[in-house]
Amino acid sequence: MAVDAPGMQPAVAWLTASVPTFILIWARTMGLFLQAPVYSSKQVPGTVRQGLMICISLNIMFSLDSYVMAPNMLFPFIVMAMQEFIVGSMFGFAANMMFLA
């Protein structure tokens with residue numbers, strides 16, 4: 001679908017650049033929140049965790065000066081998102097080990 005309105009082109013360009021960055025940041029915070037000591041407990045509802053993940057991801061994304069260039073194909077992007085999730089899980093696991101020690 002092509003955008004014909006001249007006023008929409010900057011918005012489409014911004015969304016094209018920022019959505020992949022948001023997804024990668026969100027994948028890392030998801031891994032962190034699933035392993036972190038306080039947030040991974042059953043007492044914290046899933047909607048609260050998701051809301052915090054989205055808020056933190058948006059705050060980090062808007063504090064960046066530049067955005068990630070997403071690959072042209074879907075499979076490399078999925079691999080990048082899985083890598084970010086694993087890194088976030090490792091951070092959460094390390095925090096959990098320090099909390100339990």
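**View 1. Helix H1 from end to end.** In this predicted model, the 27 residues of H1 should span 39 Å at 1.5 Å a residue, and the end C-alpha atoms of the helix are 40 Å apart, which agrees. H1 covers residues 9-35, and serine 18 has its place within this helix. The buried residues of H1 are Ser18, Pro20, Thr21, Leu24, Ile25, Ala27, Thr29, Met30, Gly31 and Phe33, and the partners against which these buried residues pack are helix H2 (46-63) and helix H3 (74-100).

**View 2. Serine 18 and the bend in H1.** At serine 18, helix H1 bends by about 25 degrees, and a proline, proline 20, follows within four residues. Serine 18 counts as buried because its relative accessibility is 2%, and buried means under 20%. Leaving aside residues up to four places away in sequence, serine 18 touches Met61 and Tyr67.

**View 3. H1 crossing H2.** Two packed helices are described by the angle between their axes and the distance between the axes. For H1 and H2, the axes come within 9 Å and cross at roughly 130 degrees, which makes H1 oblique to H2. The crossing of these two helices, H1 and H2, is right-handed. On the H1 side, the residues that meet H2 include Trp14, Ser18, Phe22, Trp26 and Phe33, while the H2 residues they meet include Arg49, Met53, Ser57, Met61 and Phe62.

**View 4. H1 alongside H3.** The axes of H1 and H3 lie 6 Å apart, and the two helices pack at an angle of about 30 degrees, which makes H1 roughly parallel to H3, since angles under 35 degrees count as roughly parallel. The contact is made by residues of H1 including Pro20, Leu24, Ala27, Gly31 and Gln35, together with residues of H3 including Phe77, Ala81, Gly88, Gly92 and Asn96. As for handedness, the crossing of H1 and H3 is right-handed.

**View 5. Helix H3 and its buried residues.** H3 has 27 residues and reaches 39 Å from its first C-alpha to its last, which is close to the 39 Å expected at 1.5 Å a residue. Within this helix, the buried residues are Phe77, Ala81, Gly88, Ser89, Gly92 and Asn96, and the buried residues of H3 pack against H1.

Notes
Residues are numbered from 1 along each chain as its sequence is written. This is a predicted model: local features need pLDDT of at least 70, side-chain atom pairs count only at pLDDT 80 or more; totals for chains, interfaces and linings use all residues. Side-chain values use heavy atoms; hydrogens and water are left out. Buried means under 20% relative accessible area, exposed over 50%, partly exposed in between (1.4 Å probe, protein chains only). Contact means heavy atoms within 4.5 Å. The expected span of a helix is 1.5 Å times one less than its number of residues. The bend at a residue is the angle between axes fitted to the seven residues ending there and the seven starting there. Axes are lines fitted to C-alpha atoms, for helices over the stretch in contact, and angles run from 0 to 180 degrees between N-to-C directions. Angles under 35 degrees count as roughly parallel, over 145 as roughly antiparallel, 65 to 115 as roughly perpendicular and the rest as oblique. A crossing is left-handed if the near helix is turned anticlockwise from the far one by less than a right angle, and right-handed if clockwise.
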